[in-house]
Every structure is written in structure tokens, then in C-alpha cells.
Amino acid sequence: MNHMQRVVIDTDPGTDDALALLMALNSPDLRIEGITTVGGNATLADTTDNALRLVDHVAVGRDVPVAVGAERPAHGSFSHAYHIHGAGGLGVDLPAASIAPHRADAVEFLRDRALAAPGRTAVIALGPLTNVAAALDGRPDVAQAISEILVMGGAVEVSGNVTPHAEFNIYEDPWSANDVFASGVPVTLIGLDVTHKTALHRDGGPRWFEGTSRAALLANRILSNSFRERPDVQEFYLHDPLAVAAAIEPELLTHRRAQVAVETDGEERGQTVASYGDGPVKVALGVDAVRVVEVVRSLISN
Ligand code: BDR
Ligand code: CA
């Protein structure tokens, strides 16, 4: 990518979301228009607080708006994943943020930033798709204006991680996922098919990231804490970091084009079903995992 790609990052930080945000904030290839928060890994209050604290801690003096999004999915409520991500959703203490959320909510913010540069703004969606679907709802002008949505979500040819059928982000709000996949906006679906091939290993620590920048030190703390809290786990999957890496280097992934439908009910809730052929969704099925780890480490180390 030889120009700065304008992006809005929709996220539920979340330990791997935090790494993805650190990468994006450090990337010379991305221009972060802002961050929108959604409940998911943690409550909306926690994910928003985590996003604000992260930005305040590592992007001192930069204008990176954080706009508050959905507290609950299209139906029902989110089931959080504190048991994976740790207390507060990050598992590490960060100083209280000195910045406040943006005046616009996530839906207004997404629409505004897309329409400000039609065809030139991508969305990187790292949590349940509630905000993104709401921003597109009844707004073909917004759908037209978004160049691409990179979605971390789904498990197309592999098993899920919350049920045998479903990946967490899609399971949390399958209705919104369906709306996004049917919106006509080009989607790259970065699911467990590829994210489970990209990981940092416990043995690589405690300095997975080199240098003494706040980003490197924080990322090392997040991983150390995560491995300490879950002694049986050997690999920290780079789910959300892979979506940011793919925004920077699309050639990291190979895809098949498809229509994707999501099961909304019963045991198969959250299952992503691809009909290959034509369609607006590029389902990522192959990944250069070695290069991904290089990209993640080099963007956070400094
Ligand atoms: C996804 O779910 C969340 O727990 C992670 O942050 C990632 O977005 C992986 O299934
Ligand atoms: Ca996430």
C-alpha cells in the first residue's frame, strides 16, 4: 500500500484488540480516522474505557477520536469473555484516561467518516458487527462510501471457538453479521480459518516485542498477564492483529469469493456458511503466517 489508507476501527478491547490498536496507531500506512467501541469481550463501559486509556497512553497528543457504540446486539445481550481477556477486559492496569469519548456516537461517527471521503474509507471490524450494521441500515449512501470492511470473524471451513459451529464475534450478533454480509459493501472475512494459524507462543516471552516504547512495554505486559492467568494455554492467537496486518498488506491472505449467510438460531447460531462463486465476501482461507508475525512484531516493537 503506497498511500495512507483511511480507516475506522470498530473494536471491543480485549487483549488481541489492544495489540491490533497498537499496531494501527504505529503504522505509517494507516490513517486512523477514529475508533468506535462495541460491547463484546467486555461490557461497553469497559471496552470504551480500555480504548480511551490505550489511546491516551500510547498516542499522547494525537487526535484519535473514540466514539461509543452498542451496549447490546440486535437481539438479546452480549455474553462477555472476561475469562479469556482478564479483569476489565484487558487484564492490565492502565492510568485513567484524560480524554473523553467523542461527541458523536459510533453510528454517526462511522457514517460521517465514510461520507467525508467516499470510496476511500475502510472499516476494520474487530468485535461484534452491531455498530457497523447499524451504520449501514437504511443508508445506501454510506454503504457506497465505505471502500471495504475487514471483518475479524467467522469460522468457515474450521470449527468455532465459542461453540463447535461459531466464532465469538459472529456468535455475539449473528443478525448484524448477516446484515453486513448482505449490504453489498466488499467484505474480507478474516476468520478462525486463518487467525488460528497466526500466534505468538508462550516460549517467545517475556519480550515478544522489543524496545522500550509504551506500546512495546504494554503489549509485553498484556501477553505476560494472559499467559500467567491461563497456564494451560501455549499460544496467543493474533485474531484482531491479523485484520490490521491485512489492511496494510492484503497479499498476506488468499481468498475465495462467496455469499456468506449466518445461522441465527439454535445450536448452529453464529455459523458462517459460504456459497462459493460470486459474491461480495472474500473469505480468507490461506495466510502467510510467518510474515504476519513479522508485521505484528515490527509494528509494536520500538
Ligand atoms: C475474536 O473474539 C474476541 O474474543 C477477540 O477479540 C477476537 O476479536 C476471536 O474469536
Ligand atoms: Ca475483538
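The donors of the calcium ion (ligand 2) are spaced along the chain as D-x4-D-x108-L-x113-D, donors being N, O and S atoms within 2.8 Å of a metal, or 3.2 Å for Na, K and Ca. Water is not among the atoms, so sites may look incomplete. In this predicted model, the ion is coordinated at 2.2 to 2.5 Å by Asp12 (OD), Asp17 (OD), Asp17 (OD), Leu126 (O) and Asp240 (OD). Distant parts of the chain are linked in this way: Asp17 belongs to helix α1 and Asp240 to helix α11, 223 residues apart. Helices are DSSP runs (H or I, at least four residues) numbered from the N terminus.

Residues are numbered from 1 along each chain as its sequence is written, and chains are lettered from A and ligands numbered from 1 in the order in which they are written. Local features need pLDDT of at least 70, side-chain atom pairs count only at pLDDT 80 or more, and totals for chains, interfaces and linings use all residues, while side-chain values use heavy atoms, with hydrogens and water left out.

Leu126 and Asp240 are also among the residues around ligand 1, that is, with a heavy atom within 4 Å of it. A backbone N or O atom of Leu126 is 3.0 Å from an oxygen atom of ligand 1, and a polar side-chain atom of Asp240 is 2.7 Å from an oxygen atom of this ligand; polar contacts are pairs of N or O atoms within 3.5 Å. For Asn41, a side-chain N or O atom lies 2.6 Å from a ligand 1 oxygen. The protein covers 95% of the 280 Å² of accessible area that ligand 1 has on its own (Shrake-Rupley method, 1.4 Å probe).

Note on methods:
Polar contact = N/O pair within 3.5 Å; in protein donor to acceptor, adjacent residues only side chain to side chain. Helix = DSSP H or I, 4+ residues; strand = E, 2+ residues; numbered from the N terminus.
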